[in-house]
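Hi everyone, thanks for coming. Please take a look at the screen, and then I'll walk you through what I found.

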Amino acid sequence: MDDVKNKMWAVGGGKGGVGKSLVTLLLGASLARLGRKVIMIDADLGGSNLHTFTGMRYPEYTLADFISRKVETIDQLVVDTPVNNLQLICGADDILGVANPKFTQKTRLFTHLKRLEADVILLDLGAGNSFTTIDFFLYAPNKIVVVTPQITSIQNAYGFIKSSLYRLLSQTFSKNTEAVELIKRASYSVQGETIDSIAKLYEAFKAFGEEYQEKLLTVVSGLNIKLLINMVRDNKEKNVSDIIRSVAKNYLGLDIEQFGIVQYDNVLNASINKMSGFLMDGKQCVANMNFYDIAYRINKDLARQAELLGAIAHEKEEPSPVGPSVAPLTPSGTSPAMTPSLGSAP
Ligand SMILES: Nc1ncnc2c1ncn2[C@@H]1O[C@H](COP(=O)(O)OP(=O)(O)O)[C@@H](O)[C@H]1O
Ligand SMILES: [Mg+2]
């Protein structure tokens, strides 16, 4: 895994209005309050509004300025929010063509995004299954799908997960047009289609050999998706995750993680239209408590990861006292002589 990319978190979910932006904002704010440096990116390139949630009316710079090369480096777009440690890059929905950046524009954007200095970078994605949205989602190693107990949200979240997996497969096997054709067939929900699941696709891939089948399994098992259920009003509604997880397992072979539950919060909802700054002041409301719990877990994981990376780096710098298990080669290609104190047992 690319360590620099590891800090990227995408927040998607297929449907509009399920709370993707709110999750980005309140999760970001909770992490920032735990001392993490967080940058939120409004990657909803058709309906950006994250800046409004932070209390900002008119963004001075947006991603469009970067895409159109008005600014050369992305850090010029970063603005502060009322929360310490929490910064934002505003989205762009007013400039024709930006909602569908070209491949080269996307590559340049991704390259610059991962260079941003932060502990956590949260990508707030737009609704729908456009390639741009899915590419953002696939790019981030940490993938959150936000869903509400509404049936339409469940359908859209599943559709989004499915589209992401099949796009990833199409990209992986792009050199083999026959394989891509099979992936396409599996991805369309056409009545009477015999290849309608990953298991069936796996069978069909037999024609290309075991290597293809193994690769298919590697891609599927490598797609780690975290499910966050938002606007939960009672315990029964928590079952939403079981529905999505079992369908995704049966048809897509995916093990989806139950990541968190955020309750419906009247106080929060009422405050949004007022633009009162309530969202940003971190007051204890139900939803904020839920987000704090999730942020606390992420924070702990980050600390564990840092410890691990630190230990690995330390090991590289200072080999253990008994010496490295494989003697390093000298530039000339021969092993260096062991020092007598380490080399001979008493
Ligand atoms: N946990 C919640 N409790 C109450 N209302 C919520 C909650 N999450 C989201 N909302 C409401 O849903 C609206 C849409 O949220 P938003 O984050 O803009 O969705 P999306 O980004 O997915 O389109 C918000 O303006 C807010 O009123
Ligand atoms: Mg949004």
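So, which helices and strands do the buried residues of α4 pack against? They pack against β1 (8-12), β2 (38-43), α3 (63-67), β5 (120-125) and α5 (131-139). In α4 itself, residues 103-113, the buried ones are Lys-106, Arg-108, Leu-109, Phe-110, His-112 and Leu-113. By buried I mean under 20% relative accessible area, with exposed being over 50% and partly exposed in between, using a 1.4 Å probe and protein chains only.

Quick housekeeping. This is a predicted model, where local features need pLDDT of at least 70 and side-chain atom pairs count only at pLDDT 80 or more, while totals for chains, interfaces and linings use all residues. Residues are numbered from 1 along each chain as its sequence is written, chains are lettered from A and ligands numbered from 1 in the order written, and side-chain values use heavy atoms, leaving out hydrogens and water.

Now the whole chain. It has 13 helices and eight strands; these are DSSP runs numbered from the N terminus, helices being H or I with at least four residues and strands E with at least two. Of the 346 residues, 45% are buried.

Next, the inside. In soluble globular proteins, nonpolar side chains tend to be buried together. A nonpolar core here is a set of buried Ala, Val, Leu, Ile, Met, Phe, Trp, Tyr and Cys residues joined through side-chain atoms within 4.5 Å. The largest one has 59 residues, and Leu-113, Leu-169, Leu-201 and Leu-254 touch the most other members. Helix α6 (residues 151-172) gives the largest share, eight residues. A second, separate core has 37 residues, including Leu-50, Leu-86, Val-120 and Ile-294.

Let's zoom in on Leu-201. Apart from neighbours within four places in sequence, Leu-201 is in contact (heavy atoms within 4.5 Å) with Tyr-166, Leu-169, Leu-182, Ile-183, Ala-186, Ile-195 and Leu-216.

Finally, ligand 1. There are 17 residues around it, meaning a heavy atom within 4 Å, and the nearest are Gly-17, Lys-20, Leu-22, Asp-265 and Asn-269. An oxygen atom of the ligand is 2.3 Å from an N or O atom in the side chain of Asn-269, and a nitrogen atom of ligand 1 is 2.9 Å from an N or O atom in the side chain of Asn-230. Taken alone, ligand 1 exposes 560 Å², and the protein buries 85% of that, with areas from the Shrake-Rupley method and a 1.4 Å probe.

Notes: A polar contact is a pair of N or O atoms within 3.5 Å; within protein, one must be able to donate a hydrogen and the other to accept it, and residues adjacent in sequence count only if both atoms are side-chain atoms.
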